[in-house]
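Have the sequence and the 3D view ready.

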Amino acid sequence: MKVGIIGSGFVGATAAYAIVMRGVAREIVLVDLDTRRAQAEADDIMHAVPFAHPAEVRAGGYAELRGSKLVVLTAGVNQKPGESRLELLERNAAIFRTIVPELLEHAPEAVMLVATNPVDAMTHLVLGLARALGHPEARILGSGTTLDTARFRSILGRRIGIDAQHIHAYVLGEHGDSEVFNWSQVSVSGIPLAAFSCDACPGSVGAEDRAGIERSVRGAANQIIEGKHATYYGIGSALARIAEVILQDQRAVLTVCGPLPRLPGFEDIEGLTLSLPNLVGGSGIMSTFAPSLDAGERAALLSSGAVIRTAVEGLLEGQIAR
């Protein structure tokens, strides 16, 4: 299987490395305006191949994306000091308006996975651009709250002393401050969190604990950036996991983001691009599930959708679902 990655900065290169470590692609092509950086990253990752799984990692142009099953979009600019979210969105949107037509010209059959922030709005933009060029919507998705969900499970697991892989919990809505923690449906090895009891586990999860966990998840990126200036291991691994699901048609449920279909009770945010539990397979998003929410979570999800609507309003010149 062939994977293209547009953008060979920290996130793109780490995603490529994680894909090699997981052994889910036989060929990876890094595309970047900075061709020296792309070549250096490809060479460095290629030198790790003997310690992992057989793969060919190389730099190339858009033409080398031909035949890719999946293309990951990580290209973009970082937020400048004092720059608003909307200004960042506008600058990255300008970049994507150049990238997407090139991508569709050379790899029209590829699934497109967007990782560039703000990811919900950027995925919405890609959907609009691709729709205008006749590309199927189902083959376009964003990383959404996949990383937030992993952070939630990791921090909660550490709190109660249970391996995160045995915790079922989702973060929904925007990948940002308005994200929604679906506490009402959290379970530990199939046991609802409210009923979970374990003599060997060190911690409980009361109301104050929940608030603290939410703060930790929402503040994780800022805390990491303060210490090392960028986050890339978590999101790189998340992208590699999504790639694995798509390339192997695993039909896994992930909180990637895509256009919200008509779901009972969610009419106010229909058509917006946000994260819900989605069935993901070889063709991208196959189905979207209406999550079970309590009243507070439902109101929070509608508010999160409103945040996304504000971010993308006018960006696609009238193509936004209203």
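What follows is a short tour of the aromatic pairs and of the charges over rings.

This is a predicted model, where local features need pLDDT of at least 70, side-chain atom pairs count only at pLDDT 80 or more, and totals for chains, interfaces and linings use all residues. Residues are numbered from 1 along each chain as its sequence is written, and side-chain values use heavy atoms, with hydrogens and water left out.

The structure holds 4 aromatic pairs; rings of Phe, Tyr and Trp (its six-membered ring) pair if their centres lie within 6.5 Å, and planes under 30 degrees apart count as stacked, over 60 as edge-to-face and the rest as tilted. Two of them, including their values, are in the table.

| Pair | Type | Centre to centre | Between the planes |
|---|---|---|---|
| Phe10 and Tyr232 | stacked | 4.7 Å | 15° |
| Phe152 and Phe181 | edge-to-face | 5.1 Å | 85° |

Phe10 sits in helix 1 and Tyr232 in the loop between helix 6 and helix 7, so their pair ties together parts 222 residues apart in sequence. Phe152 in helix 5 and Phe181 in strand 9 are 29 residues apart. (Helices, H or I with at least four residues, and strands, E with at least two, are DSSP runs numbered from the N terminus.)

Phe10 is partly exposed at 48% relative accessible area, while Tyr232 is buried at 15%. Phe152 is buried at 0%, and Phe181 is buried at 4%. Buried means under 20%, exposed over 50%, partly exposed in between (1.4 Å probe, protein chains only).

Phe10, Tyr232 and Tyr233 make up one aromatic cluster. The charged end of Lys228 sits over the Tyr232 ring, 4.0 Å from its centre (NZ of Lys or CZ of Arg within 6 Å of the ring centre and within 35 degrees of the ring normal).
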